[in-house]
Amino acid sequence: MYKRRLRILLGLICLGLLALVVRLGVLQIIRGDDYRREAEQALRSVQLLPGERGRIVDRNGVILAEDQACHQLAMDYGFIVHSIATDRMWAGRCLQRYWDTHGGRGHVDPDTFNALRRRVEATQAAARRLDEELGWCVRQRRMLARHLDIDIDQVVAEFDRRFAYSRQLAGELAREHGVDLDEVMGRILRTYERWSRHVGRAVREQRQAHVVVGGMGAGSTNALRPLLGEALGLEIEPGHRRHYPFGAIACHIIGLTTPVFQEDAERYNLRPDEASWLDRMRQNYLDGDVIGKTGVEGLYEAIEVDGEWRPVLRPQRGYRQFARPGETELTVPAEAGKTVRLTIDIELQSRLTELLASSGRSGSIVVIDVESGEVLAMVSWPVFDLNTYRRDRLELETDQVNLPMLHRAVAAAYAPGSTVKPLTALAGLGAGKITPATTFNCPGYLYVAASGQKRHRCWLRSGHGPVDLQRGIRESCNVYFNKIGSLLKAPLLTYWMGLFGFGEQPGTGLPGETSGVLATEAWLQANRMRGFLPSDKWFISIGQGVFAATPLQVANAHAAIARDGVFVAPRVIKDIEDGDGRSADVRPPEQVRRELPIATEHARAVREGMHEVIHDSRGTAYTYWRSGLPLGVEACGKTGTAQVPPMRIDSNGDGELTVDDQVVRQGDHAWFAGFAPYRQPNIAFAVLIEYAGSGGRNAAPVAKEVIRACIAAGYLGQGESESGRFEGRRSQGMLAQSYPFGGRSLRPTAVPVALQRGEDGNGQSRETPTDELPDDGRGDGGLAPTAVPVAPLRGEEGNGQSREAPTDALPGDGEGAHG
Amino acid sequence: MAEVRWPRYTGIIIALAMCALIGVGIAAVRVSERAEGTRGYAAKQTIFAGVGLGAFAICAAIPYPKFGRAAYPIFALCLGLLLVLGVARYLHHSSWLLPAIRGSHRWINLGVVNVQPSELTKLGYILLLAWYLRLGDHYRHLLGLIPPLLLTLIPMFLILIEPDLGTALLLLPTLYVMLFMAGAKLRHLLGIVAVGTVLTFLPVPQSLGEMGADEQTERRANAYVELDGTVVTALPLAIMELHQLSRIDGWLHQGREDIWQGKGFHLRQSKIVLGSGKLAGSGDWDEAEYYFSRLPDDHTDFIFSIIGGQWGFAGCLGVLALYTLILLFGLEIASSTYEPFGRLLALGLVGLLAAQVFINVGMTMGLTPITGMTLPFISYGGSSLVVNCAALGLLVNVGQRRPMLLARRPFEHREDMRPAPYRPLERSSSGTACEKRA
């Protein structure tokens, strides 16, 4: 009995041991490889290889933007967690900064403040909760113990010392490069905490290093390396920095890159449940990456093809995978971004920038290749230096007067003034309302109101007398075009203007591109809460009133005249190439091209008139064009002097622009648009100089130099480039100094408000046809004498500046171009 | 009184196997020490091993009946210490003398070392039970099983409230081995097991009212049914703490990947470390050590995983073989000892060791749920090592002294004896008829 039970016990023990051995065999021999693989997988390290952002080149292949090698400082996630979790000062600093930015202005909201405090505390608590902090500390201590061969108690002290040192070092580096380290670290922590919550476990990003300071030059890196010897959890990684060889030239077209914002990352990045870790690391924006924001950098960051985003300028990271340290298992090279070739000729662009700079006023020049519709140059002055933008950011962004960040050529709409008169004529001809021989009498005004006042006066008070098409264009007779407007009526007139590209986006796709304003019945109802007024057709026919266009639209409309009535949408992107020169699979969008219903002889008649503007002694630009060096080429053009309300800034800080605010600019916008050469046009151009006064006196000489520059660059088929190969960097230095912010030439002109108001008021009350349109003044506050219209056109784009043409509220003097 | 042949070969082999296991333990602690970047554990373990060998020698040298006579005072001392800890726990008292570590009141600080009374209790309990069961056959009646059960449940309860579930549960298999070998009726034992099982699955309603959200989820997941605001769960699950529940959950669903990162993380890491050792271990695989650092508690409860990872299947087999050696020779001692106290003592010690090895090793590979229990002789920890050495000392002690027996063989109960088969005119070579029929 006892022996039997002993045997049973023995059997039970052996059974237990056997179970252990069998289980052991299953785990170690049968599935051992799987477990080994899993362990190796967990230990496998991956080094990410940064890719180069694509280059932007001009039409001749000159590099406008490229990536240069630099270094960046990366910080272990554990480091971040440890410093935030243990940093008692961190919360204090967060709240202090909040107080500085919000509370200091006197309207701190206690609820918001408490919410922020809770968030700060939650972040700290989350950081403290994370195992990774402990794991990181343990790993670092183990490494220290191995390297220094010291005892466990000493290791802890040494770890604390080195951690404090590293924290200080990172803080100094961040300060040096203008990075708010607390903010960056808090952001990283919150982001991956959220990811971690989203997937319900720790994400791999929580074991990685994250870039906290980017764009460090070789100098600071070399100085840093010896200091890093004692640091924990910090490393210097290779990275890239965007470099713009031409600095300020074509800055608005090229555009800006900024460090990636959290909202960008949230918008574009793949989440852990959408892609594998490696895919995410390759394709996502990581901290310290740059993203294109404006201009071509923003436009061709990535483009959407068939519903999916294909990177263009944006690079894809590669990676090198290590099975164990030093043993490369797999290398996937980084994919550089594609090269975007612009239609811009940087040489011409540079010359024109200098030209506009020498005028001393803000403005814009656009030059379009007539045949292809390619934009050869598109200048907006003032400019800023792309390379130093980050340093000058505050000054640039807060310059309310000069608005250096505004891309005037495509993003600002101005009253086009008389530059649209040839188009009005073409509309009349094309609609069959007039013939080239049709003659209207200009008595110096359009009609006499019941009160006896002469309404819609011509700029020549004495009147032009009988005016036919050529004379109308040549001498810019307002009454002639008003009468064409009367014949066409407003809807048909605006329809024709629409055919020339007004009121629609030109289609370059540049961020901020505006369609301008072209009134239609629907637009007026939606934005002005009224229908067409009788005066609209008269205003629109001479490029005023409910009519605003960008310089690019004006230049392109004139290009349509030069093509004898063929409209081609302008483009700034020539093509997109892969790194090795092949044309990439992503293409810029197709150009819109439409044949306008205009007879060639009508277009030629208008062209004759535009030729006489310059080359007939009675032309509005004749005297100004004749002065200076002869050009050697005959051109066609049209002056424009657009009447606009003065530009004001919100000087009393009440958040809206009223007549009480300070006037910083006033006068008429000077326009000159046209094409050259006269018989076989190669280029079309538009010159706009803001608040410069007469278009003939101020814009035409600039336009002449524009043509001269185009001849020199070889775009008129006659001249060769005078200076041979262009040296961009040389002129860059000059330009960098020629735009002094707030300098004399661009200083706001203070105009006494009372005087300003008096003039405007008098002019308006004298000219507004109130008797004929009794509801006009009430229905449209803009016509009331004291309320100088300040509602900006670009207000729709949220810019809030009062520097735009008035819409339907015009100081009724009609046209003021001087012959 | 005792017939002493010194040294007997069983004792020597057990002692050698024990020393080998302690050596393996120190080596494994060193591996985990390198992996974790900590220092001093292996050195301390070596000192403990010295103390343990001393305890082994003392326990082997003093004639074991003296321990038997001291069984009641020793057990009373153990209960007293446990009671002190229990009171400390009840009062949430934590001081230098009675530190609360990770919420558990298991230790008494004696200045140089923390002593675990529960480890000592295991030994005292076996001594007492062997002393109690050595005479008579009252445990062959159902009512006679009540005193030994009570003697088990009292220390179990005290250990359970420390809380130290692993050690508490260890007393049950020990009790069963001893009762079984002492000759308790199988139907009684199985009946108690059946009642226990029924009790285990007994549905108990539990109100969710005052629980936190986490706890509610956890309780719901393990419930039989849920009626509004009340869950009905198995009795032990209703009593268990939250972390114990989640461990059970992680063990039951160890194949599910979503469990690996949370509840099943510990077990998964253990299996990866163990499995990645493969046949011969990861001797040439440099990162193994680095991976070991991802296994929590790797120098105490999960030391077997480190052994598996470092020395592979061969190493594990070797360690298990050493345990088997000790267990086999322990059984040999039990079978060849006729003195009842010595026999029961040896059986209890063997049962305790076997249960510990099975539960701990099984836990590292997912055979048994994770309970905080050390692997004898190998896990880092002074109390465990010294007590286990002392236990083996007692075992060897029994093996060395085989008192003359002037009575019937112990635990050969008359009712169990079947009448001898009729063997006409056969001359028996040796032994008595009783012995032959056994």
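Colleague: Where does His177(A) sit?

Modeller: His177(A) is in the loop between α7 (152-176) and α8 (181-199) of chain A. Bear in mind that this is a predicted model.

Colleague: What is His177(A) in contact with, leaving aside its neighbours within four places in sequence?

Modeller: Val213(A), Gly215(A) and Met216(A). Met216(A) is 39 residues apart from His177(A) along the chain, with 7.7 Å between their C-alpha atoms.

Colleague: OK, new topic: the open sheet. What's the strand order?

Modeller: β14-β13-β28-β27-β24 in chain A, five strands with antiparallel pairing.

Colleague: Which strands stand at the edges?

Modeller: β14 (375-381) and β24 (636-642) of chain A. Each has a single partner strand, so one side of each lacks a neighbour in the sheet. From one strand to the next, the twist averages 5°.

Colleague: And which helix packs on the sheet and touches β14?

Modeller: That's α23 (residues 551-562) of chain A, which also touches β13 (363-369), β27 and β28. Its direction makes about 150° with that of β28(A). Helix α26 (residues 695-712) of chain A lies across β13, β24, β27 and β28, at about 35° to β27(A).

Colleague: How many bridges between β27 and β28 of chain A?

Modeller: Seven, between residues 669-676 and 683-689, in the antiparallel sense. Within that pair, Phe672(A) stands opposite Val687(A).

Colleague: What about the loop between β27 and β28, which proline is found there?

Modeller: Pro677(A). Another cis bond runs from Trp381(A) to Pro382(A), with omega near 5°; Pro382(A) is in the loop between β14 and α15 (389-397) of chain A.

Colleague: Switching to phi: what's the value for Tyr691(A)?

Modeller: About 50°, positive although Tyr691(A) is not a glycine. Tyr691(A) is in the loop between β28 and α26 of chain A, and is buried, with 20 other C-beta atoms within 10 Å. Ser476(A) also has a positive phi, near 55°. Ser476(A) is in the loop between α18 (469-475) and α19 (478-488) of chain A and is buried, with 34 other C-beta atoms within 10 Å.

Colleague: Last one: where does pLDDT stay under 50?

Modeller: Over residues 719-819 of chain A, where the model has 202 contacts beyond four places in sequence. Chain A averages a pLDDT of 79, and 82% of the residues score at least 70.

Terms used: Residues are numbered from 1 along each chain as its sequence is written. Chains are lettered from A and ligands numbered from 1 in the order in which they are written. This is a predicted model: local features need pLDDT of at least 70, side-chain atom pairs count only at pLDDT 80 or more; totals for chains, interfaces and linings use all residues. Two strands pair if DSSP finds at least two bridges between them. Helices (H or I, at least four residues) and strands (E, at least two) are DSSP runs, numbered from the N terminus. Axes are lines fitted to C-alpha atoms, for helices over the stretch in contact, and angles run from 0 to 180 degrees between N-to-C directions. Two residues are in contact if their C-beta atoms, placed from the backbone, lie within 7 Å. pLDDT is the predictor's confidence in each residue, from 0 to 100. A residue is buried if 20 or more other C-beta atoms lie within 10 Å of its own, exposed if 12 or fewer, and partly exposed in between; C-beta atoms are placed from the backbone.
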